[in-house]
Structure formats: C-alpha cells, structure tokens
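Please read these remarks beside the sequence and the model. They are meant for someone who has not looked at this structure before.

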Amino acid sequence: MILISACLGGKECRYNGTHSLDEPLQKLVEQGKAMLVCPELLGGFTTPRDPAEIRGGDGNDVLKGSARVVDQSGNDVTELYVKGAEETLKIAKSINAESVILKENSPSCGSSQIYDGNFSGTKISGIGVTTALLKKHGFNVISEIKLEDW
C-alpha cells in the first residue's frame, strides 16, 4: 500500500482550498493500491487557511524543538503540524506503507524543498515536518516531482 498526499489525489485540501491533482496517483487510489492523507487536516487545520512556513530550519529542526512553523499572520502553528505528522505516522504504520508520496515544497510534506520561512516565495533545501517524522521511522518518502525515479 502507498500513502499519498490527499491534494495529489485531487482533494481540495491545500491551504488555499485547491488541489494538485496527479492523475497517475489518483488512479493508484482508484485501484485500491494507495490511500490519501492530509497531515494538515489531521493536525486540526481547516481549508482554506493561512499559508505557513518553517522558520529556523526544516522539519527535522521542528521535531527537535529548534525551529517553528509560523503562518503568514504570525501565529505559531507548530503544534498542529507535529500533531498532523504523528497522525500520518500512525496511518503509515497501520497500512504498512511501502512508500509515501508527498507534496513537494510544503512545510508538512516537502521531501527535498520547503519555503524559506519569510513568505518571499524563495525555496530552500529541506524537508517538512511529516516527512521528517516518517523518515525517522524508516519510511521511504518521495516527492511527486521525483516519481520517475521511483
């Protein structure tokens, strides 16, 4: 079983109420080979919501307590991101996910790039909170951008 970001499966759960449909991934869900998950919704967010970025590092640093996730209004939303990551980990374990395909650039799901924390549109190397937690527990996490490598 494969775990996939819900927005990649066509669910309108991104911060701005849109999706990032990837049709081949949607087909895996339709065939019963994959399951959709949205860490942000599992953490307690609603859609739409203010965009958020990690300040002071990446998802690994958030888990260590040395970085925070802050929304565009300046609210610290770290706790909700960590909760969503923990809930996603529970699901990944329960379905024995062989791979996890998450949305790149997200402060939760990014697997090689995230935004720099300044809401400037600048991307940096780093991973999101959910990706960090899943990798820490041995899950193979990849981006929809790198599917051809998978």
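Predicted model: local features only at pLDDT ≥ 70, side-chain atom pairs only at ≥ 80, totals over all residues.

1. The largest pocket. Rolling a probe the size of a water molecule over the atoms shows where empty space is left. The largest pocket has a volume of about 470 Å³. Its lining is made up of 25 residues. Nearest the centre of this pocket are Arg14, Tyr15, Asn105, Ser106 and Pro107. Sorted by class, the lining of the largest pocket contains 14 nonpolar, seven charged and four polar residues. Helix 2 (39-43) and strand 3 (52-55) each give the lining at least two residues.

2. The largest nonpolar core. In soluble globular proteins, nonpolar side chains tend to be buried together. Here the largest nonpolar core has 24 residues, and those touching the most other members are Val69, Val100 and Leu134. At least two residues of this core come from each of strand 3, helix 4 (78-94), strand 5 (99-102) and helix 5 (129-136). Helix 4 provides the largest share, five residues.

3. Surroundings of Val100. Which residues does Val100 touch, not counting those up to four places away in sequence? They are Leu3, Leu134, Phe139, Asn140, Val141 and Ile142.

4. Cysteines. A disulfide is a covalent bond between the sulfur atoms of two cysteines. The structure has zero disulfides. Cys38 is in none, and the nearest cysteine sulfur to its own, that of Cys13, lies 3.8 Å away. Cys38 counts as buried because its relative accessibility is 10%. For Cys109, the closest cysteine sulfur is in Cys7, at 6.7 Å, which is too far for a bond. Cys109 has a relative accessible area of 3%, so this residue is buried.

5. Helix 5. Why is helix 5 described as largely enclosed by the rest of the structure? The reason is that six of its eight residues are buried. The buried residues of helix 5 are Val129, Thr130, Thr131, Ala132, Leu133 and Leu134. Just after this helix, Gly138 adopts a positive phi of about 90 degrees.

6. Gly128 sits in the loop between strand 7 (123-125) and helix 5. Is Gly128 buried or exposed? With a relative accessibility of 0%, Gly128 counts as buried. Leaving aside neighbours within four places in sequence, Gly128 is in contact with Ile54, Gly59, Ser106, Pro107, Ser108, Cys109, Gly110 and Ile114. Ser106 and Pro107, two of these contacts, are also listed as lying nearest the centre of the largest pocket. Glu87 is 41 residues from Gly128 along the chain, and their C-alpha atoms are 15 Å apart.

7. Backbone geometry. Most residues other than glycine have a negative phi, and most peptide bonds are trans. The bond joining Thr47 and Pro48 is a cis peptide bond, with omega about -5 degrees. Pro48 belongs to the loop between helix 2 and strand 3. Asn96 is not a glycine, yet its phi is positive, at about 50 degrees. This residue is in the loop between helix 4 and strand 5. Asn96 is exposed, its relative accessible area being 63%.

8. Asn105. Asn105 is another residue other than glycine with a positive phi, near 80 degrees. Where is Asn105 found? It is in the loop between strand 5 and strand 6 (113-115). At a relative accessibility of 12%, Asn105 counts as buried. Apart from neighbours within four places in sequence, Asn105 is in contact with Gly110, Gln113, Ile114, Tyr115 and Lys123. Asn105 is also one of the residues nearest the centre of the largest pocket.

Methods:
Residues numbered from 1 in each chain as written. Heavy atoms only, no water. 1 Å grid on protein atoms, 1.4 Å probe; cavity = no way out; pocket = protein on both sides within 12 Å on 5 of 7 lines; lining within 4 Å. Points joined across faces, edges and corners; volume = space filled by probe spheres on them. Helix = DSSP H or I, 4+ residues; strand = E, 2+ residues; numbered from the N terminus. Nonpolar A, V, L, I, M, F, W, Y, C, P; charged D, E, K, R; others polar. Core = buried A, V, L, I, M, F, W, Y, C linked by side-chain atoms within 4.5 Å. Buried < 20%, exposed > 50% of the residue type's maximum accessible area, 1.4 Å probe, protein only. Contact = heavy atoms within 4.5 Å. Disulfide = S-S within 2.5 Å.
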